[in-house]
Amino acid sequence: MTVIEALENGLGPMSLTQIANASGMAASKVHRYLVSLGRAGLVVQSHRSGLYDFGPAMRRLGIESLRRMDEVGVASEHLPDLRDRTGHAVNLAVWGDHGPVLVRWDYGAHALPITIRVGATMPLLTSAIGRVYLAHLPATMITSIVETELETLGTNAPSKSDVARLRATVLEQGVATISGEVIPGVMSVAAPVFPAGQSIPLAVAVALPSSLGDAATVAEVTLELLRTTKAISEDYGSVGGAAGGPVA
């Protein structure tokens with residue numbers, strides 16, 4: 001577990017020396033652990049770089065752990081119906097250690113120029129799901145993530161006043177809508193849903209080709225999305241569509 005935690009805290013592929021330093025153990029001892037973890041599929045070593053990172057078994061464990069959350073199971077029951085009513089891809093995210101994490105993706109009838117990986121962490125500033133959390137989480141939880149994203153965006157980064165306007169717009173409209181910010185040619189509309197008694201929402205989103213995103217279609221998709229989040233909220237035991245925070 002010390003080796004696994006060192007990899008987690010490294011936030012990316014690491015060398016044997018880096019893992020040994022982070023775990024406070026000799027490299028030879030760490031190597032033996034890495035070999036055993038590799039046999040179990042929990043760790044993999046890149047043939048090209050020689051660096052270690054989490055393997056497929058670790059990803060499966062993480063996704064299964066998230067899936068077993070009752071809130072995820074309840075929300076997931078509503079996604080196929082939302083997909084069928086809109087004809088578009090739908091997805092679900094929960095808050096993770098470093099941002100919103102996709103825990104489910106259901107493809108729709110329209111092809112999208114992307115391959116979605118369940119378990120991916122979405123950006124706060126440039127994804128519809130991320131903007132839901134940008135708007136609804138307290139600054140203490142997201143400030144460091146926002147600052148890192150602003151640095152990464154460089155000259156394309158929005159100003160602090162722009163970020164404040166983004167938050168205000170999502171809160172006012174009840175949904176976050178983007179078109180092409182993360183993936184060119186893809187539009188996404190996302191809304192929050194709050195489990196009873198909790199202040200951290202899940203985020204439900206619909207993704208569609210930007211070419212189909214005319215005003216009438218976006219309005220229809222938004223309406224169906226809000227119907228779905230209301231139904232999920234009611235399944236969570238909310239009264240009047242509110243539970244733990246603003247629920248669309």
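## How H6 and H10 cross

Helices H6 and H10 cross in a right-handed way (the near helix is turned clockwise from the far one by less than a right angle). This is a predicted model, where local features need pLDDT of at least 70, side-chain atom pairs count only at pLDDT 80 or more, and totals for chains, interfaces and linings use all residues. Residues are numbered from 1 along each chain as its sequence is written, and side-chain values use heavy atoms, with hydrogens and water left out.

The axes of H6 (residues 79-86) and H10 (residues 215-235) come within 10 Å and cross at roughly 160 degrees. That makes the pair roughly antiparallel (angles over 145 degrees). On the H6 side, Leu82, Arg85 and Thr86 make the contact, and H10 brings Glu224, Leu225, Arg227 and Thr228 (contact means heavy atoms within 4.5 Å). Sorted by class, that's two nonpolar, two polar and three charged residues.

## H2 against H3

Now for another pair: H2 (residues 16-23) and H3 (residues 27-39) pack at about 105 degrees, with axes 9 Å apart. H2 and H3 are therefore roughly perpendicular (65 to 115 degrees). Leu16, Ile19, Ala20 and Ser23 of H2 meet Ala27, Val30, His31 and Leu34 of H3.

## The largest pocket

The largest pocket has a volume of about 1,000 Å³. A pocket here is an open set of points on a 1 Å grid where a 1.4 Å probe fits, with protein on both sides within 12 Å along at least five of seven lines, and lining residues have an atom within 4 Å of a point.

Its lining has 27 residues, with Phe54, His98, Val101, Gly119 and Thr121 nearest the centre. H4 gives the most, six residues, and the elements giving two or more also include H1 (2-10) and strand E2 (52-54). By class, the lining has 13 nonpolar, eight polar and six charged residues.

Terms used: Axes fitted to C-alpha atoms, helices over the stretch in contact; angles between N-to-C directions. Helix = DSSP H or I, 4+ residues; strand = E, 2+ residues; numbered from the N terminus. Parallel < 35°, antiparallel > 145°, perpendicular 65-115°, else oblique. Nonpolar A, V, L, I, M, F, W, Y, C, P; charged D, E, K, R; others polar. Points joined across faces, edges and corners; volume = space filled by probe spheres on them.
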